[in-house]
Amino acid sequence: MESIQDFQPWEKLHRQTDLSNNRINPSPIILDFLSRNIFPKINSSSKEQNCLEVGVGIGRNLICLAEHNYCGNYFGLDHTDEALNKAKQLADSKGYSNIFHFVKGMAGKKFTFENNSFDFVFDIMAASTFIMGDNVRRAYAKEVNRILKPGGIFFVFTGNTDSDYFNQLSEQRKGSEPGTFRRSMDGTMEKSYTKNEILSLYAPLESIILESQSHYFRAFGEQVLTRPGGFWFGIFIKA
Ligand SMILES: C[S@@+](CC[C@H](N)C(=O)[O-])C[C@H]1O[C@@H](n2cnc3c(N)ncnc32)[C@H](O)[C@@H]1O
């Protein structure tokens with residue numbers, strides 16, 4: 001199967017999500033990223049830097065980055081209007097209207113951004129996880145490389161097939177493409193990666209950190225999602 005998944009399930013999930021505290025609180029994933037003190041190898045002040053979150057959802061990660069004065073401009077891309085409307089509402093309520101920019105777009109297709117636009121690109125349980133089809137994922141990875149500035153940072157949080165979680169999944173949940181399975185919450189297909197797969201997908205970006213983790217903190221549904229060893233926490237740099 002080679003496709004970007006239907007966005008209808010995401011519209012539904014976003015419609016059902018209210019902007020209550022436990023949804024907009026900073027995700028521990030982005031706090032973990034911040035604690036690593038990883039910065040682009042670019043000679044500019046943080047105020048001049050741009051970051052993009054692909055699959056921004058309700059925008060909780062960008063809000064957290066803004067609260068830490070991480071960059072000058074924050075771009076959020078998502079393929080659902082519901083997500084973008086909620087993210088904009090949240091950013092406006094925090095007084096960030098002038099530094100937040102929301103763009104409707106589909107990762108896997110060409111982005112509208114110029115080459116070398118971003119100091120940081122974030123993909124937290126988003127495009128890498130939900131694009132089906134190797135060709136589409138490769139097209140997406142190429143776009144990430146294109147829009148990052150030389151010295152820029154790509155942070156990805158996605159599924160890990162080298163894990164007890166994946167090994168114990170029932171065959172009925174698995175998809176035809178290696179590493180894919182239906183998530184229990186709503187049957188949406190996810191892609192997980194071996195270490196070599198993820199390194200090869202994002203090459204020529206160079207890996208700085210690639211470690212397995214066991215917890216994600218959902219923007220929807222029950223908030224803590226535990227999968228023993230089932231996630232990759234990956235930080236890459238564009239040489
Ligand atoms: C699980 S949510 C994560 C949201 C956010 N990254 C967070 O951690 O709070 C996944 C988001 O990615 C978006 N998404 C999934 N596939 C996408 C694609 N191919 N292009 C753009 N957005 C996508 C969905 O609409 C959804 O908002």
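1. How far is an oxygen atom of the ligand from an N or O atom in the side chain of Asp78? The separation is 2.7 Å, which falls under the definition of a polar contact (a pair of N or O atoms within 3.5 Å). The side chain of Glu53 places an N or O atom 2.8 Å from a nitrogen atom of the ligand. For Gly55, a backbone N or O atom is 2.9 Å from a ligand nitrogen. The protein covers 99% of the 600 Å² of accessible area that the ligand has on its own; accessible areas are from the Shrake-Rupley method with a 1.4 Å probe.

2. The model is predicted: local features require pLDDT of at least 70 and side-chain atom pairs pLDDT 80 or more, whereas totals for chains, interfaces and linings use all residues. Residues are numbered from 1 along each chain as its sequence is written, and side-chain values use heavy atoms, with hydrogens and water left out.

3. Around the ligand there are 24 residues, of which His14, Glu53, Gly55, Arg60 and Asp78 come nearest; a residue is near if one of its heavy atoms lies within 4 Å. This shell divides into 14 nonpolar, seven polar and three charged residues, where Ala, Val, Leu, Ile, Met, Phe, Trp, Tyr, Cys and Pro count as nonpolar, Asp, Glu, Lys and Arg as charged, and the others, Gly among them, as polar.

4. The structure holds 26 aromatic pairs, meaning rings of Phe, Tyr and Trp (its six-membered ring) with centres within 6.5 Å; planes under 30 degrees apart are stacked, over 60 edge-to-face and the rest tilted. The ring centres of Phe75 and Phe118 are 5.4 Å apart with planes at 80°, so this pair is edge-to-face. Because Phe75 belongs to strand β3 and Phe118 to strand β5 (residues 118–124), the pair ties together parts 43 residues apart in sequence. Helices (H or I, at least four residues) and strands (E, at least two) are DSSP runs, numbered from the N terminus.

5. Ala203 and Pro204 are joined by a cis peptide bond, with omega about 15°; Pro204 is placed in the loop between α9 (195–202) and β10 (206–217). Asn69, although not a glycine, has a positive phi of about 50°, and this residue is found in the loop between α4 and β3. Most residues other than glycine have a negative phi, and most peptide bonds are trans.

How values were computed
A polar contact is a pair of N or O atoms within 3.5 Å; within protein, one must be able to donate a hydrogen and the other to accept it, and residues adjacent in sequence count only if both atoms are side-chain atoms.
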